[in-house]
Amino acid sequence: MTLPPELEQKFSEIIGKYPPQHKRSALVPLLLYSQDALGKITPELVTEVARRVGVFPVQVEEVLTYYSMLHFPKPMGKYHVQICTNVSCQLTGGPELWERACKKLGLGHKEVSADGLISLEEVECIGACSWAPAIQINYDFHHFVTPEKLDELLDNLRQLQ
Amino acid sequence: MADPVKLTIDGIAVEAAPGTLLIEVAREMGKEIPAFCYYEGLTQVAACRMCLVEIDGMPKLMTACTQPVGEGMVVRTETPKLAEARKGTLEFLLTNHPLDCPVCDKGGECELQDMVFRYGAAESRYVEIKHHHEEQQWSPVVYFDPARCILCYRCVRVCSEGMGVNALGIVQRGAYAEIAPNHTDHLNCDECGACIDICPVGALTSDSYRYQTRPWEMNHVGTVCTHCSNGCKTTLGVRNDQILRGNNRDRSGINGEFLCVKGRYAFDFNESDERLTTPMIRKGGKLEPASWSDAIRFVAGKFKQVADAGRRIGVVGSARTTNEENYYLQKFARQVLGTQSIDHQRSGDVVTLLDALAGRQNALATVEDLYQSKAVLVIGTDLAQQHPLLHWQIRANWRHHGAHTYSVTAGPVREDQHTVGAVRAAEGQEIAALEQLRAQLAAEAELAIVFGDSVKGDAVRQLVAFGDSLGIPVKYVCLVDYVNSRGALDMGLTPELEPGYRAAADRGMTLPQMLADEHLAALWVVNADPLRDGALAAKDAFVVVQDLFLTATAQRADVVLPSASLYEKQGTVTNVCGEVQRLKKAAQTMGAKADLEIIGLIAKEMGAAAKMGPWMADKVFTEVQQVVAGYNVPLPVLATGGAAQTAPPSAKIGVETDPALIRSARDTLFTSGTLGSYSRKLDSLLESPGSLYQGEDALALTAQ
């Protein structure tokens with residue numbers, strides 16, 4: 001599999017950070033960067049990454065399915081909305097936000113909109129308890145989210161398109 | 001060696017080498033510390049938490065499978081606290097385990113069942129619905145029932161570490177974690193079934209055995225696998241003369257628990273519908289069923305007629321019959337039929353090797369040597385495909401002892417994963433290519449060399465000369481095809497050599513010469529199929545065939561005699577390393593007779609019974625021990641299921657043999673000569689890899 005030039009460069013850079021005998025340690029960063037750059041992780045990419053770090057494809061799959069921020073085999077949307085319903089958020093309205101988002105988007109846990117633009121996931125603590133309830137869209141955190149703010153954020157995603 | 005460490009286990013003072021694990025020391029003492037994930041020979045994962053022990057001074061319970069011994073350590077392995085802990089662990093393991101023991105294949109020999117029985121954790125406090133996932137079929141051999149899996153990682157490790165195949169992984173996490181095959185929903189692997197055997201529960205089951213029987217309903221017969229020349233011991237599970245299972249869980253024999261797909265599943269030829277069960281005589285151009293007495297009388301009469309007339313008789317022996325049968329057959333041919341034209345399909349140049357090594361001690365490697373030698377050189381063979389036990393041994397040697405592996409092969413091989421020197425050389429060019437490795441090899445402390453049929457004739461002598469020039473102790477293995485290919489040579493199934501590699505007084509015809517001889521009056525073929533890819537020139541030769549199936553040769557025969565398989569015989573076989581092992585009769589097919597008995601009956605009918613001696617395996621072996629040089633092996637070793645290596649001839653053989661006669665069938669993991677084509681299981685698996693020199697690509701693995 002040929003990678004886009006920027007990703008290819010990123011790959012060399014990441015693998016270069018590890019001693020050759022431990023290059024398999026580059027597995028998680030390689031997968032995360034690929035997921036962001038390509039939007040999804042394909043079986044071809046799995047084989048390619050396995051080859052680069054010297055492990056078997058099934059071992060890459062083990063890692064992919066273990067980490068919740070890596071999505072395989074089903075990719076998530078361009079905008080991945082993650083709503084925390086863990087303790088602090090639960091006490092401050094997280095579950096309500098979750099239900100509201102589900103209804104508004106017509107999506108459930110780990111479901112993707114038909115156009116592939118938005119996906120929804122109910123997540124465990126994202127480390128933003130001081131600003132609960134919190135949600136995360138891709139890598140951006142949003143604090144003290146109210147139902148109105150949620151609506152606004154979700155509407156904005158549509159417009160960003 | 002470092003001083004032993006002194007410690008106390010359950011009040012008993014013991015000593016152990018530094019670094020030994022507590023669980024190993026306890027097992028040595030006869031104390032079974034329960035464990036699911038710990039497995040001798042594989043890496044540690046400490047996943048199951050069953051092996052917890054109490055150690056004085058340590059605040060928490062420790063896992064005995066990862067805890068090395070320490071000086072003055074005081075360990076307790078059975079206390080009420082530990083019983084409570086193990087019971088708790090079992091309760092966790094059972095949260096999603098279905099408890100379908102009454103229908104599970106593993107019931108009766110399940111490690112989880114045994115532990116629950118011991119610690120009494122069958123009642124659960126959980127009331128939640130068990131997480132369930134449907135059973136899946138991953139290959140014609142392997143089934144996976146995710147609900148039963150306890151995630152001990154044994155299968156994953158035996159596949160990656162032991163086999164080097166790496167076909168299994170664990171995907172997802174927590175309660176949803178489960179084993180996954182390398183190709184999403186199916187396996188592309190050696191289909192060896194090691195994962196199934198090693199599974200402590202019934203999560204992985206085999207197509208052959210599933211829902212067939214219960215373990216206690218079978219007789220368990222330890223015999224030798226009838227397929228390749230490695231001679232793995234296999235324990236057959238037999239019920240009502242039907243072989244239902246092949247494994248070697250008791251780790252007895254040269255192979256420990258290792259078996260390949262043929263040993264574990266390709267016993268099904270034995271129950272093939274195509275097995276011959278009645279003698280047949282050709283009448284009016286058609287083979288018609290006949291009684292044993294009529295058939296034997298007819299054959300004996302014809303043989304006598306041809307022999308008395310001084311006309312030419314050819315005898316073709318087999319690489320799949322026992323030493324006793326081979327010995328008896330050549331004795332019959334030479335002494336009763338008066339012919340020196342006796343041969344079989346040769347698959348490796350053992351004769352030249354033995355000649356080149358004549359008079360040397362310890363120059364032939366055993367299967368164990370491949371696990372112990374500090375360095376191993378593989379020439380002209382794809383071991384993982386052709387000689388799976390030898391591959392396993394060499395890989396285990398690398399895993400456990402860090403042995404150096406070298407290879408000179410025509411293409412990628414699985415040893416490449418851990419090789420320290422791999423050279424690619426076309427067939428026949430291997431010896432020249434060896435020079436590239438000379439410096440590295442000469443620096444080794446010792447070496448075991450394994451070579452295939454592309455090294456024959458002068459090349460074998462050159463190889464031995466190369467070995468000598470290294471200045472280190474070198475041992476050799478000359479690879480041959482089938483279970484008794486080596487024994488057939490030892491027993492003198494060649495026109496130029498009598499038993500024990502004594503030069504024959506006058507030479508008869510070789511196999512190709514017999515087939516090409518237009519004046520051949522009779523051809524007797526015992527468990528071989530020379531006409532599969534050859535033709536018989538003598539149009540009116542009288543042909544007698546003893547075989548399990550109606551092979552191409554049997555279809556040409558005038559008399560066909562149904563013979564018993566190796567699983568239905570007593571006797572001995574000699575493996576690729578010259579190690580003799582004893583067979584045990586496991587089953588019986590009505591109508592078929594052991595080849596030894598058939599030969600004996602023909603001899604009796606010809607009035608040669610006294611000359612030939614009784615056709616009983618033990619009696620014949622006694623004679624073999626006296627007559628065949630090197631076969632004076634200790635009987636207690638054989639009687640207890642061990643393997644005894646024969647000594648090579650002490651003097652030069654001094655007989656030229658034609659290297660062109662040596663041709664390996666190049667069987668892979670999924671073929672096995674005639675037997676392979678009658679095994680439905682092997683047929684169903686006949687896809688990739690199944691071809692040689694594909695290396696890791698065959699498994700669609702990482703191409704480095």
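Modeller: Two residues are in contact if their C-beta atoms, placed from the backbone, lie within 7 Å. This is a predicted model, in which local features need pLDDT of at least 70 and side-chain atom pairs count only at pLDDT 80 or more, while totals for chains, interfaces and linings use all residues. Residues are numbered from 1 along each chain as its sequence is written, with chains lettered from A and ligands numbered from 1 in the order in which they are written.

Colleague: What covers the buried residues of α12(B)?

Modeller: Their cover includes the helices α4 (154-163), α10 (367-372) and α11 (383-386) together with the strands β18 (375-379), β19 (404-409) and β21 (447-451), which belong to chain B. Helices are DSSP runs of H or I with at least four residues, and strands are runs of E with at least two, numbered from the N terminus.

Colleague: Why is α12(B) called largely enclosed?

Modeller: Because 10 of its 14 residues are buried, α12(B) is largely enclosed by the rest of the structure. Buried means that 20 or more other C-beta atoms lie within 10 Å of a residue's own, whereas 12 or fewer make it exposed and the range in between partly exposed. The buried residues of α12(B) include H391(B), R395(B) and N397(B) as well as W392(B) and W398(B).

Colleague: How do you know whether L479(B) is buried or exposed?

Modeller: L479(B) has 30 other C-beta atoms within 10 Å, and since the cut-off is 20 or more, L479(B) counts as buried. L479(B) sits in the loop between β22 (474-478) and α16 (485-490) of chain B. Beyond residues up to four places away in sequence, L479(B) touches several others, among them H387(B), V450(B), F451(B) and V576(B).

Colleague: Which residues of α6(A) are buried, and what puts them on the same side?

Modeller: They are G94(A), L97(A), W98(A), A101(A) and L105(A). Those residues cover an arc of only 100 degrees around the axis, and therefore lie on the same side of α6(A), the arc being that of the directions from the helix axis to the C-beta atoms. The face turned away from that buried side carries the exposed residues E99(A) and K103(A). The buried residues of α6(A) pack against β1 (79-84), α5 (87-91), β3 (118-123), β4 (135-137) and α7 (147-160) of chain A.

Colleague: Which residues have the most contacts inside the largest nonpolar core?

Modeller: They are I23(B), A35(B), C51(B), C159(B), I449(B) and V450(B), in a core of 228 residues. Apart from that core lies another, of 17 residues, with C89(A), L105(A), I118(A) and L150(A) among them. Such a core is a set of buried Ala, Val, Leu, Ile, Met, Phe, Trp, Tyr and Cys residues joined through C-beta atoms within 7 Å.

Colleague: How many residues of chain A are in contact with chain B, and which element of chain A gives the most?

Modeller: 12 residues of chain A are in contact with 14 residues of chain B. On the side of chain A, α3 (43-53) and α4 (57-66) are the elements giving two or more residues, and α4(A) gives the most, with seven.
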